[in-house]
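Have the viewer open while you read.

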Amino acid sequence: MRRSHVYEELKEILVDDLQVRAEDIAPTASREQIGLDSLAVLELAALLSGRFGIEIHDYELMEAATVADVARLVAERHTAAAAGGPS
């Protein structure tokens with residue numbers, strides 16, 4: 001799955017499910033800049049796992065420095081899962 005597609009899906013989840021303002025979301029924005037606290041990150045991990053059929057943990061998302069880093073992580077995890085690798 002292309003990273004740009006993952007980024008758009010991630011943005012949709014952030015806006016629709018977590019009520020992040022669309023204008024705050026940018027590839028270089030940090031978790032703090034878009035207003036995600038630890039509870040929101042936990043919810044985001046669950047939403048991403050369900051949407052993409054992957055296993056992703058809140059602590060992995062907390063370690064991601066930017067929105068683009070989250071998209072990259074999800075894309076890599078999705079590609080590995082699709083190839084039958086570990087998720």
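This is a predicted model: local features need pLDDT of at least 70, side-chain atom pairs count only at pLDDT 80 or more; totals for chains, interfaces and linings use all residues.

Residues are numbered from 1 along each chain as its sequence is written, and side-chain values use heavy atoms, with hydrogens and water left out.

**Helix α1**

Let's start with α1, which covers residues 3–16. Helices here are DSSP runs (H or I, at least four residues), numbered from the N terminus. From first C-alpha to last, the 14 residues of α1 reach 20 Å, close to the 20 Å expected at 1.5 Å a residue. The expected span is 1.5 Å times one less than the number of residues.

Which residues of α1 are buried? They are V6, Y7, E9, L10, I13 and L14, where buried means under 20% relative accessible area, exposed over 50%, and partly exposed in between (1.4 Å probe, protein chains only). Looking down the axis of α1, these buried residues sit within an arc of 165 degrees, so they line one face of the helix. That arc is taken over the directions from the helix axis to the C-beta atoms. The cover over the buried residues of α1 includes α2 (38–52) and α4 (67–82).

Two packed helices are described by the angle between their axes and the distance between the axes. Here the axes are lines fitted to C-alpha atoms, for helices over the stretch in contact, and angles run from 0 to 180 degrees between N-to-C directions. Contact itself means heavy atoms within 4.5 Å.

| Pair | Angle | Axis separation |
|---|---|---|
| α1 and α2 | about 130 degrees | 11 Å |
| α1 and α4 | roughly 115 degrees | within 9 Å |

With α2, the angle is about 130 degrees and the axes are 11 Å apart. That makes α1 oblique to α2; the scheme counts under 35 degrees as roughly parallel, over 145 as roughly antiparallel, 65 to 115 as roughly perpendicular and the rest as oblique. On the α1 side, V6, E9, L10, E12, I13 and L14 meet L44, L47, L48, R51 and F52 of α2.

As for α4, its axis and that of α1 come within 9 Å. R3, V6, Y7 and L10 of α1 make this contact with V67, V70, A71, R72, V74 and A75 of α4.

The end C-alpha atoms of α4 are 22 Å apart, which agrees with the 22 Å its 16 residues should span. Its buried residues are V67, A68, V70, A71, L73, V74, A75, R77 and H78, and they pack against α1, α2 and α3. E60 belongs to α3 (residues 58–63) and is buried at a relative accessible area of 16%. Setting aside neighbours within four places in sequence, E60 is in contact with L73 and R77.

**A few single residues**

F52, in α2, is buried at 8% relative accessible area.

Most residues other than glycine have a negative phi. Q19 has a positive phi of about 55 degrees although it is not a glycine. Q19 lies in the loop between α1 and α2 and is exposed, with a relative accessible area of 59%. G84, which follows α4, also has a positive phi, near 85 degrees.

Terms used. Helices (H or I, at least four residues) and strands (E, at least two) are DSSP runs, numbered from the N terminus.
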